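Please look over the sequence and the model together before reading on. The notes below are meant for someone meeting this structure for the first time.

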Amino acid sequence: MPTVSLPTTHRGFPLPRRSRRPSGAITAALVRRSVGALAAGLHACRHCHRTPLVGERVYLYAAARDQEEIVCELCRPLRRAQPERSLLVRSPEQAGAVRPVRRAP
């Protein structure tokens with residue numbers, strides 16, 4: 001005997017509503033916000049604003065208000081002064097993304 005399926009509203013369950021997709025403006029705003037939040041935690045070169053790659057050497061220079069400026073290896077020739085120290089960029093899986101390189105005694 002053939003069976004007939006009843007609509008879900010007749011079984012006591014409401015019909016599923018169509019989910020509305022967020023508008024393009026809202027999506028773009030959310031993406032900009034999340035990218036901005038990610039970029040806030042990254043270190044960038046003072047001159048080219050590029051994030052140094054893993055394994056690249058960065059140079060730290062003294063700046064105003066007891067802060068340090070990071071200069072990438074590509075922009076290093078733009079500075080005449082000697083850097084205070086240099087660091088090797090490590091991968092995020094390690095303890096620190098940038099940590100000091102130990103010099104041989």
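Predicted model: local features only at pLDDT ≥ 70, side-chain atom pairs only at ≥ 80, totals over all residues.

What follows is a briefing arranged by topic.

- When neighbours within four places in sequence are left aside, C72 is in contact with C45, C48, R50, E56, R57, V58 and Y59.

- C45 takes part in no disulfide, and the nearest cysteine sulfur, which belongs to C72, is 3.7 Å away; C45 counts as buried because its relative accessibility is 1%, under the 20% cut-off.
- C75 is likewise in no disulfide, with the sulfur of C72 as the nearest cysteine sulfur at 3.7 Å, and C75 is buried, having a relative accessible area of 8%.

**Salt bridges**

- The side chains of E56 and R50 meet in a salt bridge with an N to O distance of 2.8 Å; E56 is buried at a relative accessible area of 11%, whereas R50 counts as partly exposed at 24%.
- A salt bridge of 3.2 Å, N to O, joins the side chains of E68 and R85, and this pair links distant parts of the chain, with E68 in strand β2 and R85 in strand β3, 17 residues apart.
- R79 forms a salt bridge with E69, whose closest N and O atoms are 2.4 Å apart; R79 is in the loop between β2 and β3 and E69 is in strand β2, ten residues apart.
- E69 is buried, with a relative accessible area of 18%, and a network of salt bridges links R46, E69 and R79.

**Two single residues**

- S86 lies in strand β3, which spans residues 85–89, and S86 counts as buried at 16% relative accessibility, while a polar contact of 3.4 Å joins its side chain to that of R57.
- A63 has its place in the loop between β1 and β2, counts as partly exposed at 26% relative accessibility, and touches E68 and E69 when residues up to four places away in sequence are not counted.

Notes
Residues numbered from 1 in each chain as written. Heavy atoms only, no water. Helix = DSSP H or I, 4+ residues; strand = E, 2+ residues; numbered from the N terminus. Buried < 20%, exposed > 50% of the residue type's maximum accessible area, 1.4 Å probe, protein only. Polar contact = N/O pair within 3.5 Å; in protein donor to acceptor, adjacent residues only side chain to side chain. Contact = heavy atoms within 4.5 Å. Disulfide = S-S within 2.5 Å. Salt bridge = Lys/Arg side-chain N within 4 Å of Asp/Glu carboxyl O.
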